[in-house]
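Subject: Structure for your review

Please find the structure below.

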Amino acid sequence: MPTAVFSDPEIGAVGLTEAEARARLAHTDIYKAMFRPLKAMLSGRDTTVLLKLVVDGATGRVVGCHAVGEGAAEMIQMAAIAIKMRATKADFDATMALHPTTGEEFVTMRTRTATYAREAAE
């Protein structure tokens, strides 16, 4: 269920958090981007945005999407459709980015920022 907090900065989330994925999945991959949008750079504002994808490392399926920054709720609403449809990280990667938008970062993140594997129980 997508969730938004209309604060400043705005917060949006859908699916599993990083901690939930690590507890539930055998292998979790995290993709994260923190950047200053072009709109903020051109206006001289010191605004940054944080975006994160949580991926089931075994299947490639995106199981969580999180955003902190302007437009987070709108981005998460669209990401909720992809997660509901069981989209994979490869599906995100194959999507053409609309430039210059903040949402394009969700489909241009190529480098994992963290990988976690649970050890098998004895």
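D29 counts as buried, with a relative accessibility of 6% (buried is under 20% relative accessible area, exposed over 50%, partly exposed in between; 1.4 Å probe, protein chains only). D29 forms a salt bridge with R112, with 4.0 Å between the closest N and O atoms (a side-chain nitrogen of Lys or Arg within 4 Å of a carboxyl oxygen of Asp or Glu). R112 lies in the loop between helix 5 and strand 6 (114-117) and D29 in strand 3, so the pair ties together parts that are 83 residues apart in sequence (helices, H or I, of at least four residues and strands, E, of at least two are DSSP runs, numbered from the N terminus). R112 is partly exposed, at 46%.

This is a predicted model: local features need pLDDT of at least 70, side-chain atom pairs count only at pLDDT 80 or more, and totals for chains, interfaces and linings use all residues. Residues are numbered from 1 along each chain as its sequence is written, and side-chain values use heavy atoms, leaving out hydrogens and water.

The whole structure has 4 salt bridges. K89 and D93 form one at 2.4 Å, N to O, and both lie in helix 4. D93 also pairs with R110, at 3.2 Å between the closest N and O atoms. Shared partners join K89, D93 and R110 into one network.

The largest nonpolar core has 23 residues; L51, L53, C65, F92 and F106 have the most contacts inside it (a core is a set of buried Ala, Val, Leu, Ile, Met, Phe, Trp, Tyr and Cys residues joined through side-chain atoms within 4.5 Å). Helix 3 gives the most to this core, with 7 residues.
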